[in-house]
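Work through the two exercises below with the structure in view. Try each task before reading its solution.

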Amino acid sequence: MMIGILPFLKRNFSVKMIPACTAALLSLIILILLLVSSLGYHENSAANVSMPVLTVEALANRSFSQKFENYLLQEFPGYSWSKKSANTLKRLIGEKEIDGIFPLKDKLIQNVSMANPVTGQKNLEAVLNYFSEERTLGANCFFGLIPTASEIYKEELPSAPDVLDQSQFIAQCYERFPSKTVIDISTGLMSRKADQIYYRTDSHWSSLGSYLGYQSVIKALGGTPYSEDMFNIEYASHSFYGSLTDKTFLDYMQPDTIELYHFVNGETITSINKIFGQSQTISSDFYDRNKNNSYAIFLGDECGITQLQTNIANGKKLLLFGDSYSYSMMQFLSLHYEEILLVNLKYLTREQSQLIDVNSYADQAILYSVDEFISDNNISTKLSYFEQ
Amino acid sequence: MYFSSVTFLFLFLPLMCLGYFLTPKGYRNYTLLAANLIFYIWVEPVFFFLLLFIILVDYFSGLSIEKWRQKKFLCKGMIIFSVLTNVAVLLMFKYVLLFPNLIPMVFQQETPILEFVIPLGISIYTLQGLSYLLDLYWNKIKVQKNFVNLAMYISFFPQLIAGPIIRYTDISRDLTTRTVNTTKISKGYGFFIRGLAKKVLLSDILLSTWSSIISNDFSQLSIASAWIGILCFSYGIYLYFSGYSDMARGIFKILGFEVPNNFNYPYVAKSATEFWRRWNISLTVWFKTYIFSKIASHSSSFIIAVAKLLGIWICIGLWYGEEANFWLWGIYFGVIILIEQLFLSSLLEKLPKLLQQCYTFFIVAFGWVIFQMDTLEEILSYFHALFLADLWDSSAGYYLSICWFPLLLSYFASKNLPHRISGNLENKYPRIFLWSTVGWELILTLLCLIWVASGIPSGSLAFIKL
């Protein structure tokens with residue numbers, strides 16, 4: 001058949017056919033590569049997608065066609081190159097926000113907007129309700145909201161109309177609590193905004209930002225934070241490109257450095273017990289060295305319950321409800337408590353919640369980044385697990 | 001599987017073309033029908049049987065009309081039955097909000113599979129079926145006895161998303177005898193890639209900017225933001241529809257079919273009347289052929305003529321959607337066109353061409369405000385922002401920074417100047433024209449490939465479902 005096509009092409013070919021032939025050739029190559037990828041080769045190894053299963057129901061409710069499109073996209077040869085090229089072009093023609101991220105001169109910043117005001121309101125009510133529960137009345141309960149980079153560097157952002165005024169939001173939330181029970185994290189961060197307190201390519205705060213957050217938290221909880229010179233800094237990576245680069249494929253800025261703060265008097269953590277669904281892991285390493293180039297270096301993968309035991313024999317126990325921001329802060333908080341129970345409501349199951357005896361913790365805190373607090377329904381639904 | 005999806009561009013379309021060109025000529029319609037049905041099952045599986053029902057009704061009605069040609073009563077009865085069936089299906093499924101009680105309970109939200117949505121292409125394939133039946137009844141065409149040919153015509157996938165509405169008379173000859181050659185393929189590809197570029201490189205950005213602007217409280221919008229919004233929508237919606245029409249026309253041409261142009265630079269029109277001669281031409285021609293020409297001749301008084309005119313424009317508005325704003329949009333254009341026909345046209349003709357074009361653009365742009373807003377309150381509020389709000393705010397600068405480049409390109413793309421320049425170039429320097437066209441289409445191919453493969457979300461998919 002091919003031999004028959006060649007003379008036909010030779011007879012009929014004209015310059016005008018070049019674009020159509022190029023497109024046909026490209027389509028053919030892409031089609032073959034897609035077939036190859038379905039047989040095992042993956043262009044985008046980070047993407048966790050599998051070929052959707054075709055059922056009558058999935059076809060009828062169009063979930064199959066949507067998942068199939070997503071699957072093809074993730075397996076598309078040159079997906080990362082295309083995404084990077086498209087986003088670079090968009091940036092060059094002046095687009096100020098790409099996939100919900102502001103590409104600034106030297107960093108990427110996640111836009112935090114109030115997509116659904118109801119979620120934030122419900123979460124706030126849930127926190128108030130939790131603190132008014134009888135079992136928490138005797139405990140020292142604290143609530144803190146962590147501003148993200150889009151608040152601290154708001155003067156650098158384009159004047160997009162949907163950027164949430166986080167300071168105002170935090171103030172409105174804090175009005176509902178007694179002033180002694182709220183943690184002012186913003187002031188400490190603002191005072192050091194000239195330093196690298198957030199990663200340039202990731203949505204989290206850096207170890208320095210986390211240290212500043214720790215200072216505010218521990219002061220609120222009645223302790224005295226250790227000064228910065230009580231820590232030796234280890235550089236785990238100088239080539240960290242975080243979640244914001246993963247999302248946009250924009251890597252025009254300098255990579256981030258991951259800093260690990262080691263207490264000069266030696267590590268205090270003796271064991272870390274992590275409960276994932278039905279399984280649990282026990283270790284004594286705070287840093288997951290297999291994830292040197294990722295924010296997950298701090299305590300590894302997120303899970304419902306993380307219990308840290310330390311050699312600080314002061315009998316003090318802290319129950320902390322928090323998101324991924326809290327993970328990097330544990331390296332500092334663990335210097336003040338004999339035990340810390342970190343509960344990540346996003347991953348907590350009802351069964352896991354039954355393992356927690358809230359009454360046994362004299363210090364309790366709910367600490368969330370504003371981004372998570374206004375968007376995660378788990379906070380309102382899962383805090384209710386702890387109602388009497 | 002919209003035309004800018006990876007599934008369509010890199011799986012469906014190449015395999016369909018490959019299958020089509022490898023099939024012996026006499027059997028190609030079978031391949032195309034199979035492709036149409038696969039496309040529909042993929043995109044709108046629940047309503048596949050509705051499409052099949054319409055095809056069967058139209059096919060057997062056509063045969064019956066032909067059979068009972070001499071028995072006028074039966075013939076008339078059959079055309080009434082078939083027209084009413086098509087219209088009833090259209091009303092029931094597209095205008096569910098107007099007639100909620102007509103929809104059986106199985107389509108209510110308790111059963112997610114049958115959750116009610118407007119079936120894709122229903123306003124196109126029912127009107128195409130009607131064009132076949134009415135032309136057959138009026139003896140303008142011969143009956144199509146080949147089921148595959150008629151089914152292929154009604155269910156043709158290229159026009160199902162955004163038209164054009166192809167009348168049976170325009171395509172009947174190509175259904176049986178058509179030629180495919182390299183000239184048609186290269187021209188068809190040119191149409192397709194330009195259409196795809198209009199959709200993904202320009203329209204999506206403009207329509208998502210518009211979405212962002214109208215997500216604000218209108219009372220907080222500045223005049224500048226409101227005008228940027230309406231400019232984005234005016235060009236975005238034009239490029240969306242004309243992009244899809246170009247893609248459809250391109251696919252038709254590659255397959256050997258000739259279909260008329262659906263958008264002829266509507267923003268160079270010098271009046272609203274002329275705008276509608278250039279905008280969605282296939283729709284206007286359909287209404288003119290099958291409704292307006294039939295009732296206009298019986299108009300007796302001025303009031304009845306005006307009522308009929310407004311009725312037609314309400315129908316055109318309703319074709320785009322069932323909500324009240326589409327009624328209002330239709331009435332708006334009906335009134336403007338009436339005023340133009342009564343006296344304004346003669347005044348407009350005395351103005352410079354540029355002013356006439358500006359007048360038309362603003363009339364159309366104000367119409368888009370009505371087209372897009374759900375309530376009268378929103379319409380008034382947006383008009384307030386267009387004229388009476390603060391002149392400028394920081395958001396306006398942000399929106400402008402996003403869309404100035406696509407807007408600039410859209411402005412030129414919507415003018416016939418590039419078309420005229422390329423026409424002159426083709427006449428005077430054919431070789432330069434040839435190579436520049438090739439280069440331009442290659443660049444567009446690469447850009448579209450990057451854009452589509454990057455998975456940049458399409459902001460306009462949910463905008464309108466015809």
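**Exercise 1. Two domains of chain A**

Find how far apart the centres of domain 1 of chain A and domain 2 of chain A lie, then describe the side of domain 1 that touches domain 2.

Solution. 

1. Take the centres over C-alpha atoms: in this predicted model, those of domain 1 of chain A and domain 2 of chain A are separated by 34 Å.
2. Domain 1 of chain A covers 21-103, and domain 2 of chain A covers 108-386.
3. Count the contacts, using C-beta atoms within 7 Å. On domain 1 of chain A, 13 residues are in contact with 12 residues of domain 2 of chain A.
4. Name the elements. On the domain 1 side, α5 (79-92) and β1 (101-103) of chain A give two or more residues.
5. Pick the main contributor. α5(A) gives the most, with 5 residues.
6. Sort by class. This side of domain 1 of chain A has 4 nonpolar, 4 polar and 5 charged residues.

**Exercise 2. Chain B against chain A**

Describe the side of chain B that touches chain A, by elements and by class.

Solution. 

1. Count the contacts. Chain B places 38 residues in contact with 40 residues of chain A.
2. List the elements of chain B that supply at least two residues each to this side: α1 (6-22), α8 (182-214), α16 (394-413) and α18 (430-453).
3. Find the largest share. α18(B) provides it, with 9 residues.
4. Sort by class. The side of chain B that touches chain A holds 25 nonpolar, 12 polar and 1 charged residues.

Note on methods. Residues numbered from 1 in each chain as written. Chains lettered and ligands numbered in written order. Predicted model: local features only at pLDDT ≥ 70, side-chain atom pairs only at ≥ 80, totals over all residues. Domains from an automatic or database assignment. Contact = placed C-beta atoms within 7 Å. Helix = DSSP H or I, 4+ residues; strand = E, 2+ residues; numbered from the N terminus. Nonpolar A, V, L, I, M, F, W, Y, C, P; charged D, E, K, R; others polar.
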